[in-house]
Amino acid sequence: RARTALVRTVRTLLRGTGLDIRELASAVVISMPGHPDQGRIHITYSGGEVSLRRCSWHYLGYLEGYGSIDPEAEPSLTTDNIIGALTRPDDEPL
């Protein structure tokens, strides 16, 4: 019953916006069709908690041995750079 009410409320509030609304097992998921980079909003059925899930990309450069041979070009990435990027704390910048 709470699930039905939540879905009805979300659909009413977002009617005419062009957003895609899907019902999953534990949440309503809202997204912008054709724009996955904007992420997805998840609203739980149990408590109405709202979360944004977004994937972000960060360009790091070329792998060592690839890219430009120009000495003025950006430095290449080593395996240490890759390991560091994947194992650094979340609050530490790339």
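**Figure 1. β2 and β3 pair through 5 bridges.** Strand β2 and strand β3 (residues 40-44) run antiparallel, and 5 bridges join them. The model shown here and in the other figures is predicted. One of the pairs can be picked out by residue: A27 has T44 in β3 as its bridge partner.

**Figure 2. A hairpin links β1 to β2.** The hairpin passes from β1 to β2 through 3 residues. The two strands run antiparallel and are joined by 4 bridges.

**Figure 3. β2 is largely enclosed.** How many residues of β2 are buried? The count is 5 of the 5 residues, so β2 is largely enclosed by the rest of the structure. The cut-off for buried is under 20% relative accessible area. In a regular strand, side chains alternate between the two faces of the sheet. A27, V29 and S31 point one way. V28 and I30 point the other way. The residues of both groups are buried. Across the protein as a whole, 14% of the 94 residues count as buried.

**Figure 4. A second hairpin joins β3 and β4.** Between β3 and β4 lie 5 residues, and the two strands form a hairpin. G48 sits in the turn and has a positive phi of about 75°. Strand β4 covers residues 50-53. It runs antiparallel to β3, with 4 bridges between them. Follow R40 across to β4, where its bridge partner is R53.

**Figure 5. R3, R11 and E23 form a network of salt bridges.** Side chains of opposite charge can pair when their charged atoms come close. Here, salt bridges link R3, R11 and E23 in a network. Start with R3 and E23. Their side chains meet in a salt bridge at 3.7 Å, N to O. R3 lies in helix α1 (residues 2-14) and E23 in strand β1, so this pair ties together parts that are 20 residues apart in sequence. Now turn to E23 and R11. Their closest N and O atoms are 3.7 Å apart, and they too form a salt bridge. This pair links distant parts of the chain, with E23 in strand β1 and R11 in helix α1, 12 residues apart.

R11 counts as partly exposed at 35% relative accessibility. E23 counts as partly exposed at 39%.

**Figure 6. D20 and R22 form a salt bridge.** Which distance separates the closest N and O atoms of D20 and R22? It is 2.6 Å. D20 counts as partly exposed, because its relative accessibility is 22% and the partly exposed class starts where buried, under 20%, ends. A search of the whole structure finds 3 salt bridges.

**Figure 7. The largest pocket has a volume of about 220 Å³.** The volume of the largest pocket is about 220 Å³. Its lining has 14 residues, and those closest to its centre are V29, S31, P36, G39 and R40. Which elements give two or more residues to this lining? They are β1 (20-23) and β2 (27-31). What kinds of residue make up the lining? There are 6 nonpolar, 3 polar and 5 charged residues. Some of these names have come up before. V29 and S31 are buried residues of β2 that point one way from the strand. R40 is the bridge partner of R53 in β4.

**Figure 8. A85 sits in helix α2.** Helix α2 spans residues 79-87, and A85 is found there. A85 counts as partly exposed, at 26% relative accessibility. Compare A85 with L60. The two are 25 residues apart in sequence, while their C-alpha atoms are 9.4 Å apart in space.

**Figure 9. The whole protein puts the close-ups in place.** The protein has 2 helices and 4 strands. Along the sequence, they follow the pattern α-β-β-β-β-α. The C-alpha atoms fill a box of roughly 65 × 30 × 20 Å, taken along the principal axes. The radius of gyration is 21 Å, but a compact globule of 94 residues would have one near 12 Å.

Technical notes
Residues are numbered from 1 along each chain as its sequence is written. This is a predicted model: local features need pLDDT of at least 70, side-chain atom pairs count only at pLDDT 80 or more; totals for chains, interfaces and linings use all residues. Side-chain values use heavy atoms; hydrogens and water are left out. On a 1 Å grid over the protein atoms alone, a cavity is a set of points where a 1.4 Å probe fits but cannot get out, and a pocket is an open set with protein on both sides within 12 Å along at least five of seven lines; lining residues have an atom within 4 Å of a point. Grid points are joined across faces, edges and corners, and a volume is the space filled by probe spheres set on the points. Ala, Val, Leu, Ile, Met, Phe, Trp, Tyr, Cys and Pro count as nonpolar, Asp, Glu, Lys and Arg as charged, and the others, Gly among them, as polar. Buried means under 20% relative accessible area, exposed over 50%, partly exposed in between (1.4 Å probe, protein chains only). Two strands pair if DSSP finds at least two bridges between them. A salt bridge is a side-chain nitrogen of Lys or Arg within 4 Å of a carboxyl oxygen of Asp or Glu. The radius of gyration is taken over C-alpha atoms; the globule rule is 2.2 Å times the number of residues to the power 0.38.
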